[in-house]
Amino acid sequence: MNNEKYLTFALGKGRLANKTMQLFEKAGIKCEEMKDKDTRKLIFVNEEYKMRFFLAKGPDVPTYVEYGAADIGVVGKDTILEEARNIYEVLDLGYGKCRMCVCGPKEAEERLKHHELIRVATKYPRIAKDYFYNTKHQTVEIIKLNGSIELAPIVGLSEVIVDIVETGSTLRENGLIVLEEVCPLSARMVVNQVSMKMEYERISKLIKDLKEVMD
Ligand code: PRP
């Protein structure tokens, strides 16, 4: 056991991380250190299981995993699609469920339908481009924003947006609606391609244990 290499986990910060630790606890993987809200530590160790955990900004999780700085990552499907890293997606964890959608004011519906050259604001330019160019075969102008995407059609920056819809309340409160659904999203486990081969047994067991507690 002592010669075992540490398995390193990169967890997307925020809501997903708490849910992930709850799920891991159910599967018997605990990391007490991580529960201390006041800590400034960046990395947390479970010596018994030879596991290390760190929190990172969502879009950085696939990067850590591709380079092998983390063996395993937990991050939203939106980020996986947008970052398009060379990693294995191995498990849908079933929480953080939401949808990637094209949204806008009701008036934008017709312009969208008639394939007019419209502007699309989004935090996810790769997903938006793939959807409009490869799925819909529609030419659009994509404008990258970093947050509060719903503002764009309200202030006239774009006709529509491509963004995450969870409860739909942000849209409702701003007079916008879902016009088209791009894809469903949820939290996923991703694995480094070399780690998957080198640590196949440990990682497969982990996936199996997680699946059992998820059911
Ligand atoms: C996300 C998303 C929407 C909102 C959707 O934004 O971009 O704005 O949540 O949730 P709802 O359907 O439950 O209202 P987030 O809060 O992550 O912040 P951001 O706008 O800065 O991206």
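Predicted model: local features only at pLDDT ≥ 70, side-chain atom pairs only at ≥ 80, totals over all residues.
Six strands make up an open sheet with mixed pairing, in the order β2-β3-β1-β4-β11-β5. Its edges are β2 (43-46) and β5 (88-92), each of which pairs on one side only. Ignoring direction, neighbouring strands are turned by 25 degrees against each other on average. Inside the sheet, β4 (residues 72-76) and β11 (residues 187-191) run antiparallel and share five bridges; Val74, for instance, has Met189 in β11 as its bridge partner.

Two helices lie across this sheet. Helix α1 (residues 15-26) covers β1 (7-12), β3 (51-56), β4 and β11, at about 140 degrees to β1. Helix α9 (residues 200-214) lies across β1, β3, β4, β5 and β11, and runs at about 25 degrees to β5.

Then there is Lys77, part of helix α3 (residues 77-83). With a relative accessible area of 17%, Lys77 counts as buried because the cut-off is under 20%. Setting aside neighbours within four places in sequence, Lys77 touches Glu89, Pro184, Leu185, Ser186 and Arg188.

As for the cysteines, the disulfide count is zero. Cys101 has its closest cysteine sulfur in Cys103, but at 5.1 Å that is too far for a bond. For Cys183 the closest cysteine sulfur belongs to Cys101, and the 8.6 Å between them is again too far.

Conventions: Residues numbered from 1 in each chain as written. Heavy atoms only, no water. Helix = DSSP H or I, 4+ residues; strand = E, 2+ residues; numbered from the N terminus. Buried < 20%, exposed > 50% of the residue type's maximum accessible area, 1.4 Å probe, protein only. Contact = heavy atoms within 4.5 Å. Disulfide = S-S within 2.5 Å. Pairing = 2+ DSSP bridges. Axes fitted to C-alpha atoms, helices over the stretch in contact; angles between N-to-C directions.
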